[in-house]
Amino acid sequence: SESGKDPKMKPAALIAAMIAMTFACGGGEDGPASADGPSPNPVTKPVDTLEAAWEVGEELGDSTRSFGGIAAAAIDDQGRLFVLDQVAACVKVFDLQASYLGQVSRRGSGPGELRLPMDLFTMPGRLMVHAPMKRGYVAFGDSLQLLDEYSLWSMNPPVYCVGLSDSQYVGYKIG
């Protein structure tokens, strides 16, 4: 075996073993424990708290604010929030005050239409929607008009992508 590694050890088992060893080692930062309980001077650790600034969506009511199944969301350089509704096969657009601005695309197989969209990301001047049924991405411009459809692969599409510039993105895929 290479470098003393057991070729039969699965990556998940290795990760589980590392986590177990981490917990078994204890933190060490809280000082030594004694039979009387924890150290009298425990080290305090900073805590971050997340708080919702605003919410988008309704269970019942206005169809512009209800979703069948949110698959992804992103904010572009203009401060617009894009929410991908996988069930409705569209992207709903909001400003950062949660006001509805419009919808991009709809269910279908025509130009700019989507079936089972999986993800989205923004690039300067573009909204890119991962469209596995089209084997690539559907690109929309600043005014949310269809720019193009990019067929990039025949099988095994990327799982997640992020825009780097107006002409580059990076993604990863499971091999």
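Q: How many of the residues count as buried in this chain?
A: Buried means under 20% relative accessible area, exposed means over 50%, and partly exposed lies in between, with a 1.4 Å probe and protein chains only. Of the 175 residues of the chain, 29% count as buried. This is a predicted model, in which local features need pLDDT of at least 70 and side-chain atom pairs count only at pLDDT 80 or more, while totals for chains, interfaces and linings use all residues. Residues are numbered from 1 along each chain as its sequence is written, and side-chain values use heavy atoms, with hydrogens and water left out.

Q: Which helices and strands does the chain have?
A: Helices (H or I, at least four residues) and strands (E, at least two) are DSSP runs, numbered from the N terminus. The chain has one helix and ten strands. Along the sequence, the pattern is α-β-β-β-β-β-β-β-β-β-β.

Q: In what order do the strands of the four-stranded open sheet stand?
A: Two strands pair if DSSP finds at least two bridges between them. The order here is β5-β6-β7-β8, with antiparallel pairing. Strands β5 and β8 (146-151) are the edges; each has a single partner strand, so one side of each lacks a neighbour in the sheet. On average, neighbouring strands of this sheet are turned by 20° against each other, direction ignored. For such angles, axes are lines fitted to C-alpha atoms, for helices over the stretch in contact, and angles run from 0 to 180 degrees between N-to-C directions.

Q: How many bridges join β7 to β8?
A: Strand β7 (residues 136-141) runs antiparallel to β8, and five bridges join them. In one of these strands, β8, Y150 is the bridge partner of Y137.

Q: Is M128 buried or exposed?
A: M128 has 5% relative accessibility and therefore counts as buried. It belongs to strand β6 (residues 126-131).

Q: Which residues does M128 touch?
A: Contact means heavy atoms within 4.5 Å. Not counting residues up to four places away in sequence, M128 touches D119, L120, F121, M123, Y137, V138, A139 and Y150. The C-alpha atoms of M128 and F140 are 6.5 Å apart, although twelve residues separate the two along the chain. For the chain, 31% of contacts between residues at least 6 apart in sequence join residues at least 24 apart.

Q: Where does phi have a positive value in a residue other than glycine?
A: Most residues other than glycine have a negative phi. L116 has a positive phi near 50°, and S105 has one of about 70°. S105 is in the loop between β4 (100-104) and β5 (119-123), and L116 is placed in the loop between β4 and β5. S105 is buried, at 17% relative accessible area, whereas L116 is partly exposed, at 41%.

Q: What lines the largest cavity?
A: Rolling a probe the size of a water molecule over the atoms shows where empty space is left. On a 1 Å grid over the protein atoms alone, a cavity is a set of points where a 1.4 Å probe fits but cannot get out; lining residues have an atom within 4 Å of a point. Grid points are joined across faces, edges and corners, and a volume is the space filled by probe spheres set on the points. The structure holds one cavity of 30 Å³ or more, and the largest cavity has about 50 Å³ of space. Its lining includes D76, R80, M123, R126 and F140. At least two lining residues come from each of β6 and β7.

Technical notes:
On a 1 Å grid over the protein atoms alone, a cavity is a set of points where a 1.4 Å probe fits but cannot get out, and a pocket is an open set with protein on both sides within 12 Å along at least five of seven lines; lining residues have an atom within 4 Å of a point.
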